[in-house]
Amino acid sequence: MQLSEQAIQSALAELEGWELRDGKLYREYRFDDFVRAFAFMSGAALCAERAGHHPEWFNVYNRVEVWLTTHDAGGITKRDTDLAAELNALL
């Protein structure tokens, strides 16, 4: 079920570094180098696979951009906020 705007804003208050961009949860992670960025992506991939919920992401060198939305629900759901919190916990 899609979250209300109020629920999204409440979740964002708890999710360090995340923002609402183009109707999706968005965060840019920066690392010391490519190996650390790739290690993060590997851990994130395992989290996403366990949850059965896969992010849209983009990587260049030490930067990883992540967008989360639940396409089936047509917007942001608890699955997105939960995965965002799990990704933050990888740091």
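Tutor: Arginine 21 stands opposite lysine 24, a residue of S2, and strand S2 is the part I shall follow. The model is predicted, so local features are described only at pLDDT of at least 70 and side-chain atom pairs only at pLDDT 80 or more, while totals for chains, interfaces and linings use all residues. Residues are numbered from 1 along each chain as its sequence is written, and side-chain values use heavy atoms, with hydrogens and water left out.

S2 covers residues 24–30. Strands here are DSSP runs of E with at least two residues, helices are runs of H or I with at least four, and both are numbered from the N terminus. Two strands count as paired if DSSP finds at least two bridges between them. S2 pairs with S1 (residues 19–21) in the antiparallel sense over three bridges. Two residues separate S1 from S2 in a hairpin, and aspartate 22 in its turn has a positive phi of about 55°. S2 also pairs with S4 (residues 63–68), again in the antiparallel sense, over six bridges; there tyrosine 29 stands opposite valine 64. In a regular strand, side chains alternate between the two faces of the sheet.

The aromatic residues come next. Rings of Phe, Tyr and Trp (its six-membered ring) pair if their centres lie within 6.5 Å; planes under 30 degrees apart count as stacked, over 60 as edge-to-face and the rest as tilted. A search of the whole structure gives six such pairs. One of them is tilted and joins tyrosine 26 to tryptophan 67, at 5.3 Å centre to centre and 50° between the planes. Because tyrosine 26 lies in S2 and tryptophan 67 in S4, this pair ties together parts that are 41 residues apart in sequence. Tyrosine 26 is buried, with a relative accessible area of 5%; buried means under 20%, exposed over 50% and partly exposed in between, for a 1.4 Å probe and protein chains only. Tyrosine 29 forms a stacked pair with phenylalanine 31, at 6.3 Å and 20°, and both residues are buried.

The buried residues of H1 (5–14) pack against S1, S2 and H3, contact meaning heavy atoms within 4.5 Å. Those of H1 are Ile8, Ala11 and Leu12. Seen down the axis of H1, they fall within an arc of 100°, so they line one face of the helix; the arc is taken over directions from the helix axis to the C-beta atoms. The face of H1 turned away from them carries the exposed residues Gln6, Ala13 and Glu14. H3 (residues 78–89) has buried residues including Thr81, Leu83 and Leu87. Those buried residues span an arc of 165° and so line one face of H3. They pack against H1, S2, H2 (34–51) and S4. Threonine 81, with a relative accessible area of 11%, touches Leu3, Ala11, Leu15 and Leu25, not counting residues up to four places away in sequence.

Note on methods. Expected span 1.5 Å × (residues − 1).
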